[in-house]
Amino acid sequence: MPAPRKYPDELRERAIREVRTTGRPIAHVAKDLGIHKEALRGWVRQAEADHGERDDRLTSAERDELKHLRRENAELKRANEILKAASVFFAQEIDRPRTRPSR
């Protein structure tokens, strides 16, 4: 479960919109809104990536997809380990010599 967000989504959107529309420095907008300037800088960079203005970051959709694929990959690796262990177990069962029951 992810940690709760320190700043509400509405404040994030408002801060990003203000930086983008007014052209004011991020540090000034952050100070006015009571946000840490580096947090706001990261939000603005992510918004730019989401709008296709930056190529150095993944978009939010790409980030979500990557997270999903990593989770799925880990699950498939666990399943493969279980199947490998099962195949070893059954191979040993097949190779075990069978004895006749004594009368």
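# Helix packing and its surroundings

Student: At roughly what angle do the axes of H2 and H3 cross?
Tutor: This is a predicted model, so we read the angle from computed axes. Two packed helices are described by the angle between their axes and the distance between the axes. Here the axes of H2 and H3 come within 9 Å. They cross at roughly 120°.

Student: Is the crossing of H2 and H3 left-handed or right-handed?
Tutor: Look at how H2 passes H3. The crossing is right-handed.

Student: Which residues of H3 meet H2?
Tutor: Start from the H2 side, where Ile26, Ala27, Val29 and Ala30 take part. By class, the contact of H2 with H3 holds 6 nonpolar, no polar and 2 charged residues. On the H3 side the partners are Lys37, Leu40, Arg41 and Val44.

Student: How many charged residues are in the contact of H1 with H2?
Tutor: The axes of H1 and H2 come within 10 Å and cross at roughly 145°. H1 brings Leu11, Arg14, Ala15, Glu18 and Val19, while H2 brings Ile26, Val29 and Leu33. Sort these by class: 6 are nonpolar and none is polar. The charged ones number 2.

Student: Why do the buried residues of H2 lie on the same side of the helix?
Tutor: The buried residues of H2 are Ile26, Val29, Ala30 and Leu33. What covers them includes H1 and H3. They sit on the same side of H2 because the arc they cover around the axis is only 100°.

Student: Which exposed residues does the face of H2 turned away from its buried side carry?
Tutor: The buried side of H2 has Ile26, Val29, Ala30 and Leu33. Now turn to the face pointing away from that side. There you find the exposed residues Lys31 and Asp32.

Student: What is the phi of glycine 34?
Tutor: Glycine 34 follows H2. Its phi is positive, near 75°.

Student: What does tryptophan 43 contact, leaving aside its neighbours within four places in sequence?
Tutor: Set aside its neighbours within four places in sequence. The contacts are then Tyr7, Arg12, Ala15, Ile16 and Ile35.

Student: Is glutamine 46 buried or exposed?
Tutor: Glutamine 46 lies in helix H3. Not counting residues up to four places away in sequence, glutamine 46 touches Arg57, Leu58, Thr59, Ser60 and Arg63. Its relative accessible area is 14%, and the cut-off for burial is under 20%, so glutamine 46 is buried.

Student: Is histidine 51 buried or exposed?
Tutor: Histidine 51 is found in the loop between H3 and helix H4 (60-95). The cut-off for exposed is over 50%. Histidine 51 has 57% relative accessibility, so the label is exposed.

Student: How far apart are the C-alpha atoms of histidine 51 and glutamate 72?
Tutor: Along the chain, these two are 21 residues apart. Their C-alpha atoms are separated by 27 Å.

Student: What is the separation of the C-alpha atoms of aspartate 50 and isoleucine 94?
Tutor: Aspartate 50 is found in helix H3. Aspartate 50 is partly exposed, with a relative accessible area of 37%. Beyond four places in sequence, aspartate 50 is in contact with Thr59 and Ser60. Isoleucine 94 is 44 residues away along the chain, and the C-alpha separation is 56 Å.

Methods:
Residues numbered from 1 in each chain as written. Predicted model: local features only at pLDDT ≥ 70, side-chain atom pairs only at ≥ 80, totals over all residues. Heavy atoms only, no water. Contact = heavy atoms within 4.5 Å. Axes fitted to C-alpha atoms, helices over the stretch in contact; angles between N-to-C directions. Helix = DSSP H or I, 4+ residues; strand = E, 2+ residues; numbered from the N terminus. Left-handed = near helix turned anticlockwise from the far one by under 90°. Nonpolar A, V, L, I, M, F, W, Y, C, P; charged D, E, K, R; others polar. Buried < 20%, exposed > 50% of the residue type's maximum accessible area, 1.4 Å probe, protein only. Arc of directions from axis to C-beta.
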